[in-house]
Amino acid sequence: MRYFIELGYNGTKYVGWQIQPNGLAIQAVLQEALTKLLRQPTYIVGSGRTDAGVHAEQQFAHVEIAPRPADKPDPTSPKFIHALNAMLPGDIAIRRIFPVQHDHHARFSATSRYYQYRITRHKNAFLPMLSYYFRPEVDVPLMNEAASLLRQHTDFESFSKVRTQVSHFHCQLAFAYWEVLPDDRLTFHIKANRFLYGMVRAIVGTLLDIGQGRLSLDEFNEIITAKDRRKAGRAAPASGLFLTEVAYPTEVFLLSI
């Protein structure tokens, strides 16, 4: 039986979602806990790969669980979820587990992903790894003009890490804009059907260059059309990036009702 897992995590201590040879990944931690709790080898597939240090307020993964004997807990039950959370470190939290059709896929069935990039303008002792502390003054209206240009394009190769295994660089953006929050905080909102490796952080870093007067809107447009990562700005730090929402068609959730 296939199940979806909804979870959130603080990615500070991890090399990202996907298992890698050079450090601890969220996928590895969750798989190990599920394998112990279910007493069967377990492999999970995530909706996407967050990079090292990136956080998720909402992430989904799917897992195959063999039919359970009558004396084993239901994986969707509060008891099972509580036991799983007790085995996981405090920076990974399971919200729910629910059954789906066998062909529903955490990655390929997703219709959109929504990211936020969070910036603090004043040093905050409680947010050093959950935001980007950025002091320079920026022109937010100009950055929003630049962000609006993104929606005129679909090819974002200029904002993708160069050694990435994808068949194309096209993404359909739903929105991209900056929001000014109390205490002079800034949040960049961006939603698309898919994202390239390192794309959001590269866009944020380039938009901050525009906000500081280092790039013009025409130059930003030229960067997009160049399809060359060397033209774009330096990637913003991972600490400020959050995967906020992953959307699916309504039918994915029907079995959970």
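Reader: Which residue does D155 meet in a salt bridge?
Author: This is a predicted model, where local features need pLDDT of at least 70, side-chain atom pairs count only at pLDDT 80 or more, and totals for chains, interfaces and linings use all residues. Residues are numbered from 1 along each chain as its sequence is written, and side-chain values use heavy atoms, with hydrogens and water left out. A salt bridge needs a side-chain nitrogen of Lys or Arg within 4 Å of a carboxyl oxygen of Asp or Glu. Here the N to O distance is 3.6 Å, and the partner of D155 is K227.

Reader: Is D155 buried or exposed?
Author: Buried means under 20% relative accessible area, exposed means over 50%, and partly exposed is in between (1.4 Å probe, protein chains only). D155 has 14% relative accessibility, so D155 counts as buried.

Reader: What about K13, buried or exposed?
Author: K13 forms a salt bridge with D91, with the closest N and O atoms 3.6 Å apart. D91 is buried at 15%. K13 has a relative accessible area of 61%, so K13 is exposed.

Reader: Which side chain makes a polar contact with the side chain of H153?
Author: H153 is buried, at 17% relative accessibility. A polar contact is a pair of N or O atoms within 3.5 Å; within protein, one must be able to donate a hydrogen and the other to accept it, and residues adjacent in sequence count only if both atoms are side-chain atoms. At 2.9 Å, the partner side chain is that of N221.
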